[in-house]
Every structure is written in C-alpha cells, then in structure tokens.
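Q: I have a two-chain model open and would like to learn how to read it. Could you take me through it, feature by feature?

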Amino acid sequence: MQDLKNDMDELFQRAAENYPLQPGKGEWESIAKRIAPAEADDVVLLKKKTYRKSTMLLLILALPVGWLLFRNISPHSVGSYNYSAKPIKENSFQQPGENNGIGIKLKKDQPGNNTGAQINRYHKKILQEGRIVSIKLSTGTGVEYAEEGQSLVNKRLNDTKSNQEKKSILTPVFLDRINRGFPGPPGVKTEPGGSLNITVATENKNLKKIQGQTNSTRPGKQKKNVTASIKNKSIYIGLVAGPDLSKVQSMGFSTAGIATGLIAGVGIGKSLFLETGVIWTKKYYDSKGSDFSMDKIGSGMAPGMIINDLSSQSTFIEIPVKIRYDALRKRNGVFFIAAGVSAYIMTKEKNLYNVTMNGSQEKMTGLYKQYNYGIPAIANIGIGYQQNVSRLLQLRVEPVLKIPLKGIGVGSLPVTSTGLQFALIRRFK
Amino acid sequence: MEKAFTIIKGCKDGYPKYQKIFYERYRGAALKIVFRYIYNYEEALEIVNDGFVKFFKNIDKFRCENDTDLEKVLNGWIKRIMINTSIDLLRKKMLLPEIGGIPEYVWNVEDKSSSPDQAMIYKDLMIMVKQLPPVYRIVFNMHVIDGYTHIEIADILKMPVGTSKSNLQRAKLLMQNYLNQREELNECRI
C-alpha cells in the first residue's frame, strides 16, 4: 500500500515536471518597467515641473483650436437646411398679406420699389461668402434688422404700429452661403438655377417646412413658383456616458454599472438619423442557476454539481446601430425616439457561483477572458431630449432600454438593461 | 550560452540584458509551477510576471556560496517565490473554488520532451490536480510535488499541522476518485 502511495506521488511529480504547457508570450517590457530603479526626488520634481509646463502649453495651444472649431457657433440659429434644385426666382413685389412667412423672397434693393407698408422687402446687409450674413428686413414705416443668427420669426414689428402693419410677419432668412453662380457683394441676385444655403431659426414651426410656392397674385403676372427641397445632411459625433442597470429574468437589479463611449450619426431624412458608436459597458447582474446555460462550460464543471445562483460582473464593447427620429421640435431642442440593435464583444466576465456539490452548499468563482461576441444580440429602444447649447453643440438625455435577442456570456444569460445616457454632441454641417 | 553565475551577477548589478536573459530562461519553468496552483491560465501568466518582479527587486538577498549548487539553489528560490505569490492570490480570492473548463490552447501538444501518450497522461493528471478545491490543491502541490513538510505548509498557510495533514488526505482521496472514474470511463469505451 505504501508503495502504491509512493508510486502515486512519484507519478504526480513526474507529471508536474513534464506536463505539456504553452509557455505563452513573455512580457519582458512590462517587467522591465516595473523593476526600473526608482528615480531620485529631484528628477521626479523636474518631471512634475515639465508636466505642468507642457499642460499649460497645451492649454494655450488648445484655445485657438477651440476658437477655430466653435467660432461659427451662434446661440440662436439652430437649423440648417439646404435649398436647391428648382430655381429661386425673384418676386418683384407683393400684395399685402402675401408670403407671410412661408416663402423666400429675395430681391435687389431698387429705389422706388418700396411701396410702403404694402411690401415686405428683403435685401442683404452684409454678404460674405461662407459666413452667416445679416438680412435687413424693411417695411414701409419701420426697419428692422435681423442680426447674424438672430431670429425674427413671427415677430410683429411693434405693438404700437397700426393693425395693418401688425399683420406684416417677418420671415427670417439668414443667408449662410451663396453658391457659385451668384454674384458677390453688394447685391443678392437670385438667378434661376442657383441655390442658396439658408439657415433658419426654428421658432416658427412653418419654417421647418419651407417649401412649396411663393405666389404672386399680381394681375397679369405669370405665377411664379419657388420650390425648395429640404435635405438633412447633418453629421454629428458625441461623447456618451451614463449608469447601466442590468437584470436577468425575474431577478432584481444589481449594482449600477457604467456605459461610456463615442457615438456618431448622419442625417438620412428630414427628421431621421442613422446612429452608431462604440460603447464600453460594465454590467453587474444576478441570475438564477436555471437561467445559466451549461453548453459552453459544461466540460469544466465537476460531476453532480448544481448551480443555484450566480452574481456576474461583465465588461463589454457594444456597437449599436440605430435609427433616430426627431418627433417633436421645440424652441431650443428636440424630443426624439430611437430604436436599433447592438452587437457586443465581451472582454471579461467574472462569475461568483453558489453551487450545491455532494449535498453541500459551496461558492465558486469563474473568470473568462476569451472574447465572446454576438451579432446582433441586443435590441435598443430609447426616448430622449436633445437641448441646444449653442448652434453646433447639443446636450442629450436619453433613457434607454436594452432587450436581449440572444443570451450573453458563457452562460448565455438573457440580460435586460436599462439606463440613462447623457451625451454631449457636436454637429457638423 | 551564458552561465547562471554570470547572469545572476549581471542581474545583481542591474543590467537589463541579463535580467531579460534570466527571465526568458526561467519563465517556462516558473509558469509550470504557478499553473499547478492557479486555475486560470491568464492569471497564471500574470502571477509569473509578478513573481519575477519580486525576484529582481530582492535579488540582493540571494546568496549562494558554492557555484556548483547555484542552479539548484536558484531553482529553489524561484519556486518558493512563485508558490508564495500564487498562494497570495488564492488567499485574496478567499480560496474560493474556480469554475469553467481549461481551454485547449494552453496545452503544448508539440512538446517533444515526452511521448504523446505520456504527455496526455501528464496533462490529465495536472487537470485533476487543478480541479481540486484550492485549499486541497495547495496542500497537495506543496507536499506531494514540491516537497514541503506539513510543518512548513502549516506555517505558510497559517493553519494547524493536523489540518494540513487532513487536507492532504482528502485531496488524495479525491484524486483517487478521479482516477477511478477515469478508469471506469476507459473500460466503458473499451
């Protein structure tokens, strides 16, 4: 018997010496860094000083860069639409009450054409290619200027003026860019076949739909149509972060996790956007043993072992693709709904199992670092509000719900998540 | 090939070249020790690196009067560091048993140091050792494979000598069960 024991010990000793194990890749560089001799205090001090100086220098350099990025941001003007396709023609003059804010009327400033309060005339004040310009809006008795980026939608001229004048509704038309084919300063000359990029404010809901016709009802004059199509070509990127609460089936929510990353979107329709991103997510969730599938790790389990429940901590990289629809525009923001699917790459999963083995309750841990992925694995639904901070910067708050389409991780757990995503978004034209 | 004495001297003098040579030469053996204690392969790789950092930071304390015994003493020193570092991690994890299979990629199937059959047997034996609950695994490894006495084990694990002995008995019983199950399976296949 003693010999058998000795043989067994010897067998294990030989096995320990000779078992075939992959040596793995050495990480000498990381070790070399860790064992590098500690630097003298004066060297550390010098490094700190250099670091401070570098930070200051970077900040100083960042200021002009920031100015370049945000110089065109105006606090009021929030919408940008491209009007093109059909020619924008000049109406020579209009009858009172016409074109009350539904069309674009541009004409050269010609003395004599101004027939008093009956005509709303628009001409440019300053015109500079590539920049927002101011438009002078004039009536017979009063002159009002729409300054750069300012909105005058539906603004009545002055309460003290006559009732007739009160009916004159000013249409804000801020010229953003004069395309080729138009002469430069000093006059705005709208020629057939040309196009204008026009930035409009969103206070007047009608202006979102600037399109259709501007009619001249002058007797004997041919009806002139001005048609402008709206194309939403905006692109945006943003930083997103927020808490993440996850649960599996009937189990309650566990500790709050976190989701943070980058998003990017592009306009694909008048109010539609296609949005994607890369979101790093850390989730915590508890689940019952019955929800845990043994398919992937069954071979590593001890025979007769039953998982009662488990607590998981997982790290994902999530790649969402979703459609956003701007449902309701407000003065300085928009309510939207979004829906889509996400693929995920699981980078780490750590499970703490409560198991029953040989009739006794035990705790076990499992660490899984092999990448596990699913395409698509999660359906996303969100409703949110996007507030304009400036012309190109927006803040977004979006409660989201993530519904599993597939099981996640080694146990293929159906993890449902919810959370509140905050995003800072930079829009590009 | 550099002699162990030259390498140790270079390491003591802080030459990165010799430190790297030392690391490359002993890394494989160190991993084989650590992987017997630590269930997860990636964690074992990290423990090996931590162990080497400890080694290089404390190399001044390394003494060997006799050059002929240098290799032996050095191996013993490395082994002790690696085992202690592994036990530290297992303690941090409250000696909780691990779950999940051992992926196939960790085994070096092209290892020519032993015949394929032998290699498979050794591999299976090591899987059995790794499947032991952590406390049994530590005691079994330390006593049966690494040659520690129960007094030493009790001292390191801060437990009574009797507990160390009983843990070893239970570990061996479990190993015997595993071996029997394996034999039964083989008979069924035949």
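A: Gladly. Let's begin with burial: a residue is buried if 20 or more other C-beta atoms lie within 10 Å of its own, exposed if 12 or fewer, and partly exposed in between. Keep in mind that this is a predicted model.

Q: Is Ile7(B) buried or exposed by that count?
A: Ile7(B) has 22 C-beta neighbours inside 10 Å, so it counts as buried. Ile7(B) belongs to helix H1 of chain B. Its C-alpha atom is 7.4 Å from that of Ile21(B), a residue 14 places away along the chain.

Q: And what does the count say about Gly267(A)?
A: Here 18 other C-beta atoms fall within 10 Å, so Gly267(A) is partly exposed. Gly267(A) sits in strand E8 (residues 257-267) of chain A. Between the C-alpha atoms of Gly267(A) and Tyr236(A), which are 31 residues apart along the chain, the separation is 8.7 Å.

Q: Let's turn to the backbone. Which value is positive in Ser412(A), a residue other than glycine?
A: That is phi, which is near 45° in Ser412(A). You'll find Ser412(A) in the loop between strand E14 (393-404) and strand E15 (415-428) of chain A. Ser412(A) counts as partly exposed, because it has 18 C-beta neighbours inside 10 Å.

Q: Where is Lys158(B) found?
A: Lys158(B) is in the loop between helix H7 (150-157) and H8 of chain B. Lys158(B) is not a glycine, yet it has a positive phi of about 55°. With 7 C-beta neighbours inside 10 Å, Lys158(B) counts as exposed.

Q: How should I read a pair of packed helices?
A: Look at the angle, the axis distance and the handedness. H2(B) and H3(B) pack with their axes 9 Å apart, at an angle of about 135°. The two helices, H2(B) and H3(B), are therefore oblique to each other. Their crossing, that of H2(B) and H3(B), is right-handed.

Q: Which residues of H2(B) and H3(B) meet?
A: On the H2(B) side they include Tyr23(B), Ala30(B), Leu31(B) and Val34(B), and on the H3(B) side they include Ala44(B), Val48(B) and Phe52(B). The residues in this contact of H2(B) with H3(B) divide into 12 nonpolar, two polar and one charged. As for Ala44(B), leaving aside residues up to four places away in sequence, it touches Leu31(B), Val34(B), Phe35(B) and Ile38(B).

Q: Which residues touch the most other members of the largest nonpolar core?
A: Ala30(B), Leu31(B), Val34(B), Ala44(B) and Val48(B) do, in a core of 49 residues. Two or more residues of this core come from each of several elements, among them helix H1 (2-18) of chain A and helix H4 (70-92) of chain B. H2(B) gives the largest share, nine residues. Apart from this core lies another, of 17 residues, including Tyr285(A), Val355(A), Ala377(A) and Ile99(B).

Q: Finally, the interface. How is its size usually expressed?
A: The size of an interface is often given as the accessible area lost when the parts come together. For this pair you can count residues instead: the contact takes 46 residues from chain B and 37 residues from chain A. On the side of chain B that touches chain A, at least two residues come from each of helix H2 (16-37), helix H3 (41-57), helix H5 (116-131) and helix H6 (134-145) of chain B. H2(B) gives the most to that side, with 11 residues. The residues on that side of chain B divide into 23 nonpolar, 11 polar and 12 charged.

Notes
Residues numbered from 1 in each chain as written. Chains lettered and ligands numbered in written order. Predicted model: local features only at pLDDT ≥ 70, side-chain atom pairs only at ≥ 80, totals over all residues. Contact = placed C-beta atoms within 7 Å. Helix = DSSP H or I, 4+ residues; strand = E, 2+ residues; numbered from the N terminus. Nonpolar A, V, L, I, M, F, W, Y, C, P; charged D, E, K, R; others polar. Axes fitted to C-alpha atoms, helices over the stretch in contact; angles between N-to-C directions. Parallel < 35°, antiparallel > 145°, perpendicular 65-115°, else oblique. Left-handed = near helix turned anticlockwise from the far one by under 90°. Core = buried A, V, L, I, M, F, W, Y, C linked by C-beta atoms within 7 Å.
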